[in-house]
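Here is a short report on helix packing and aromatic contacts. The structure comes first.

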Amino acid sequence: MSSERGKELTAQESDKHVHHQQPAVLLNRYETQKRRDWQTFGQYLKSLRPPVPVSHCDYNHILDFLRYIDQFGKTKVHQQGCIFYGHPEPPAPCTCPLRQAWGSLDSLIGRLRAAYEENGGPRDNSPFANAAIRTYLREVKEYQAKARGIPEKKKKKKSFDQNKGSDESSSTMQLP
């Protein structure tokens with residue numbers, strides 16, 4: 001056996017031992033995204049001058065982060081001066097910027113909030129649960145809906161009397 005082949009076999013054997021010592025952890029898509037988002041947020045905080053440790057971040061840092069990542073979005077959001085503002089399916093391209101979709105931002109905050117708690121952050125005092133974050137997300141949602149001409153749909157309250165007309169003999173339960 002040549003010395004090169006012997007080195008290859010020795011390397012393969014050592015690789016096998018390494019794999020047995022460190023079991024591979026398979027993460028689902030949500031866990032992978034959560035980990036990536038948490039690392040990105042941490043890098044963002046480190047890039048600030050002066051750097052901010054996660055333990056000292058507040059809702060203002062989170063709002064700044066959301067505004068920062070907005071530039072990397074893929075959703076066309078028409079501005080108020082655009083001729084396609086309010087049109088759900090514009091017939092031609094325009095120069096309006098691409099933004100993060102509201103749903104993406106909402107999901108991101110959910111993942112960051114979960115990661116914050118998993119990394120030792122107090123659940124009852126999470127900056128990701130701050131009212132200012134919810135307000136920001138609501139405003140983004142409303143603006144994007146108007147920009148695309150999507151009518152806001154209010155959830156209808158379900159009535160307990162929905163089946164009353166179909167079967168006269170059945171009784172319906174009324175709650176106070």
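Which residues do ring pairs link into a cluster? Trp38, Phe41, Tyr44, Phe65, Tyr68, Phe72, Tyr116 and Phe128. Rings of Phe, Tyr and Trp (its six-membered ring) pair if their centres lie within 6.5 Å. The structure holds ten aromatic pairs.

This is a predicted model, where local features need pLDDT of at least 70, side-chain atom pairs count only at pLDDT 80 or more, and totals for chains, interfaces and linings use all residues. Numbering starts from 1 along each chain as its sequence is written, and side-chain values use heavy atoms, without hydrogens and water.

| Helices | Angle | Axes |
|---|---|---|
| α2 (residues 29-47) and α4 (residues 102-118) | roughly 80° | within 9 Å |
| α4 and α5 (residues 131-148) | about 165° | 9 Å apart |

Helices are DSSP runs (H or I, at least four residues), numbered from the N terminus. Axes are lines fitted to C-alpha atoms over the stretch in contact, and angles run from 0 to 180 degrees between N-to-C directions.

α2 and α4 are therefore roughly perpendicular (65 to 115 degrees). Trp38 and Phe41 are among the α2 residues that meet α4, where Tyr116 is one of the partners. Contact means heavy atoms within 4.5 Å.

α4 is roughly antiparallel to α5 (over 145 degrees). Trp102, Leu105, Asp106 and Ile109 of α4 make this contact with α5 residues including Tyr136 and Lys141. Lys141 also lies over the face of Trp102, at 4.6 Å from the ring centre. Such a charge has NZ of Lys or CZ of Arg within 6 Å of the ring centre and within 35 degrees of the ring normal.

Notes:
Helices (H or I, at least four residues) and strands (E, at least two) are DSSP runs, numbered from the N terminus. Angles under 35 degrees count as roughly parallel, over 145 as roughly antiparallel, 65 to 115 as roughly perpendicular and the rest as oblique. Rings of Phe, Tyr and Trp (its six-membered ring) pair if their centres lie within 6.5 Å; planes under 30 degrees apart count as stacked, over 60 as edge-to-face and the rest as tilted.
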